[in-house]
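This report describes one chain, from its overall make-up down to a single residue. Please look through the sequence and the model before reading on.

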Amino acid sequence: MKTNKIMDEIRSTISPETKYQMDLSVAIANRIYEILEAKGMSQKDFARLMGKTETEVSRWLSGTHNLTLATISKISTTLGEQIVKVTDYSIEPAVYEFEPMVAAEGCD
């Protein structure tokens, strides 16, 4: 597959936290889309049930919108399906290097 060098450079500068957030956002959007498809619902139907515009729902399903837990909960209850499942797994902790702090002269 051909890749865009500029995009590859940008991706290489993204922090692990940001990449993980992006992956989660896309996974959540995919889950919502799967549920809508299984229920034979359109984005318009879903938007009406949620009391939102089709434009907002479209943003949610693009995977670029940062949904709040309140919104995810409302989506779950509206669709009658679990959107996010917290499982017992661990994320590899980040490694930080700290410089020891040295008190400035004259400070007690």
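How many helices and strands does the secondary structure of the chain come to?

## Overall make-up

The chain has five helices and zero strands, where helices (H or I, at least four residues) and strands (E, at least two) are DSSP runs numbered from the N terminus. Of its 108 residues, 18% count as buried, that is, under 20% relative accessible area with a 1.4 Å probe, protein chains only.

The model is predicted: local features need pLDDT of at least 70, side-chain atom pairs count only at pLDDT 80 or more, and totals for chains, interfaces and linings use all residues. Residues are numbered from 1 along each chain as its sequence is written, and side-chain values use heavy atoms, leaving out hydrogens and water.

## Helices H2 and H5

The axes of H2 (residues 16-38) and H5 come within 11 Å and cross at roughly 15°; axes are lines fitted to C-alpha atoms over the stretch in contact, with angles from 0 to 180 degrees between N-to-C directions. The two helices are therefore roughly parallel (angles under 35 degrees).

From H2, Ile28, Ile32, Ile35 and Leu36 meet Ile72, Ile75 and Leu79 of H5, a contact meaning heavy atoms within 4.5 Å. The residues of this contact are seven nonpolar, no polar and no charged; Ile and Leu are among those that count as nonpolar.

## Serine 76

Serine 76 sits in helix H5 (residues 69-79). Is serine 76 buried or exposed? Serine 76 is buried, because its relative accessible area is 17%.

Neighbours within four places in sequence aside, serine 76 is in contact with Glu81, Gln82 and Ile83. A polar atom of the serine 76 side chain lies 3.4 Å from the backbone nitrogen of isoleucine 83.

Terms used: Buried < 20%, exposed > 50% of the residue type's maximum accessible area, 1.4 Å probe, protein only. Polar contact = N/O pair within 3.5 Å; in protein donor to acceptor, adjacent residues only side chain to side chain. Parallel < 35°, antiparallel > 145°, perpendicular 65-115°, else oblique.
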